[in-house]
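This report concerns the arrangement of a protein chain and the contact between its parts. Please consult the sequence and structure shown here.

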Amino acid sequence: MQPDPSEPVKLREKLGYGVGDLASGLILPFFGYYLLYYFVDLGGLAPAAIGLMLLVTKLIDAVTDPMMGAISDRTRTRWGRYRPYLLFGPIPLALSIVLIFNAPDDWGDTALLAWAYATYSLSMLAFTAVNVPYGGLLGVISPSSKVRANVTGFRMFFSAAGGILFGALGTTLVRELGGGDEKLGILLTISCIGAVSVACLLITFATTKERIPPAETNGSIAGDLSVLVRTGPWIAVAIAAILGVTAIASRAGSAPFFFRYVAGDDGTPVFLFLDRPALFLTSLAIGQVSGVIIGIFLQRWFEKSHLLISAGLLKSVMIAAFCFLPLDAVWTQTAVQYGVGIGFGMLMVLSFAMFTDIAEFIDWKSNRQMTALVIAASVFGVKAGIGFGSAIPGFVLGLTGFVTDQAQSESALMGIQLAFAIIPAAIMIPAAMALGFYSINKRTIAQIEEDLSARRTPTRI
C-alpha cells in the first residue's frame with residue numbers, strides 16, 4: 001500500500017534514514033586516509049600508479065552511477081523503488097571493501113596493481129548499487145523541500161558522526177588490532193567498519209517509507225540523461241560537490257605523509273589516546289557536525305546557493321591558513337582544521353538538499369521522475385572527489401621525488417605541502433564560481449511544491 005504523501009516524517013524515520021549514511025561516513029574517510037598509504041607506503045607501489053588507478057576507475061563510475069540511478073528510478077517492487085537495494089546490497093558492499101585491504105603479501109608490483117584496480121572498481125560498483133538508491137530515497141521520503149532538508153540534516157549528522165568515530169578510533173584500532181602489524185590492523189579495522197555498515201543500512205531499509213508515488217511510465221534513459229545534462233542548476237551543484245570533496249580527499253590522502261615526513265610525528269598520543277593524525281581527523285569531523293547544524297539553521301533565512309558559496313570560501317581560507325602555521329602548533333592546527341570541517345559540513349548538507357530540489361524542479365519542468373538519476377550526481381560527486389583528491393597526492397608525490405620510508409628531499413617535502421594545503425585551497429575557488437549559475441530560489445521552490453502537489457493529487461469526480 002502506497003503511503004499517504006501528507007503523512008508526517010516522524011523522528012524515528014529521520015533517525016533511521018540518517019543512520020544509513022553512517023556507513024559512508026566510516027567507509028569513505030577510511031579510503032581517503034588509508035588507500036594511497038596502503039598501496040604506496042606499505043605495498044611499495046609508485047604513487048603515480050595508484051593516482052592513475054584512482055582516476056581511471058572514475059571513468060567506470062561515470063557510466064555506472066547514472067545507470068544505477070536510471071535503473072532504481074524504474075524499479076517497482078513491494079518494497080518500493082529504492083529500498084530493495086538497501087536490503088540486498090549491504091553485504092556485497094561490506095565484502096568488497098574488505099577485499100581491497102586483503103592483498104597478498106608475496107605478489108609483485110604488477111599483480112598488486114592489478115589487485116588494486118580490480119578490488120577498488122568492485123567496491124565502487126557495490127557502493128553505487130547501495131548509495132544511489134539511498135540518495136534517491138531521500139527525494140521521495142516527503143514532497144516538502146523543508147522536510148527533505150531536515151532529513152538531509154540527519155543524514156549529514158550521521159555521516160559526520162562516522163567521521164568522528166573514524167578520526168577518534170581509526171588509527172587507534174589499526175595500531176591496537178594490528179599489534180605492530182599495520183597491514184593486519186588496517187584489514188581488521190575495515191572488517192569492523194563493514195559489519196557496522198551492514199547493520200546501519202538494514203536499519204534504514206526497515207524504518208523508512210517512500211511517499212511520492214512513481215509515475216505510471218518513465219521516459220527513455222537516453223531522454224532522461226539528455227534533460228539532466230541540460231539542467232544548469234544540476235551542473236552547478238555537481239561541480240561544487242565534486243570539487244568540495246576533492247579538496248578534503250587531497251588533504252586526507254596526503255595527511256599520513258604530512259605527519260610522518262613533514263611534521264616528524266612518531267605516532268605518540270598527544271591528547272588522551274589520540275595521536276596527531278587522529279586529532280586532525282576528529283577535529284574535521286566535529287567541525288563537519290557543526291557545519292551541518294549551522295547550514296540547517298541558516299537556510300531558513302538565506303538561499304542555499306549563497307550559503308554554499310560562503311561555506312566554500314570559509315573552507316578555502318582555513319585550508320590556506322594551515323600553510324602559515326608552525327609544524328608543532330598542534331592545537332592551532334586543530335582549531336583551523338575545525339574551521340575546515342565547518343565549511344565542509346555546510347557544503348555537504350546544502351548540496352545534498354539542493355539535489356532533491358533539482359529533482360523536483362526537473363519533474364516540474366519536464367514531467368519526468370528521475371530522482372535517483374539526479375541524485376546519482378551526489379554519489380558520483382563524492383566518489384569522484386575522493387578519487388581525484390586521492391590522485392592529487394599520488395601524482396604530486398611522484399613528480400616531486402618522494403621515496404618510501406626515507407628522509408625526503410626538499411622538493412618532495414614541498415610536494416606533500418602542495419597536496420596537503422595549497423592545491424586543496426585553490427580548488428575551492430572554481431567550486432564557488434560554479435554556484436553563480438544556480439537559479440533555483442525559495443520562491444521557485446514554493447511554486448514547484450504547489451504545482452506538483454496539485455498534479456499528484458488524484459482528481460475526484
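In this predicted model, domain 1 and domain 2 share 9 residue pairs in polar contact, counting pairs with both residues at pLDDT 80 or more. On the side of domain 1 that touches domain 2, the elements giving two or more residues are helix 2 (21–42), helix 3 (47–73), helix 6 (109–140) and helix 7 (145–178). Helix 7 supplies the largest share of that side, with 21 residues. Sorted by class, the side of domain 1 that touches domain 2 holds 29 nonpolar, 18 polar and 11 charged residues.

**Domains and buried area**

Domain 1 covers residues 12–211 of the protein chain, and domain 2 covers residues 219–460. Their C-alpha centres are 17 Å apart. To the contact, domain 1 contributes 58 residues and domain 2 contributes 63 residues. The size of an interface is often expressed as the accessible area lost when the parts come together. Between domain 1 and domain 2, about 4800 Å² is buried, and carbon and sulfur atoms account for 69% of it.

**Salt bridges**

Two of the individual pairs are listed below.

| Salt bridge | N to O distance |
|---|---|
| Arg175 and Asp275 | 3.9 Å |
| Glu13 and Arg211 | 2.7 Å |

What distance separates the N and O atoms where the side chains of Arg175 and Asp275 meet? The value is 3.9 Å, and the pair counts as a salt bridge because the cut-off is 4 Å.

In the other listed pair, the closest N and O atoms of Glu13 and Arg211 are 2.7 Å apart.

**Overall fold and dimensions**

The secondary structure of the protein chain consists of 16 helices and 0 strands. Along the principal axes, its C-alpha atoms fill a box of roughly 80 × 45 × 40 Å. The radius of gyration of the protein chain is 22 Å, which agrees with a compact globule, because a globule of 461 residues would have a value near 23 Å.

Note on methods:
Residues numbered from 1 in each chain as written. Predicted model: local features only at pLDDT ≥ 70, side-chain atom pairs only at ≥ 80, totals over all residues. Heavy atoms only, no water. Domains from an automatic or database assignment. Contact = heavy atoms within 4.5 Å. Buried area = accessible area lost by both parts, 1.4 Å probe. Polar contact = N/O pair within 3.5 Å; in protein donor to acceptor, adjacent residues only side chain to side chain. Helix = DSSP H or I, 4+ residues; strand = E, 2+ residues; numbered from the N terminus. Nonpolar A, V, L, I, M, F, W, Y, C, P; charged D, E, K, R; others polar. Rg over C-alpha atoms; globule rule 2.2 N^0.38 Å.
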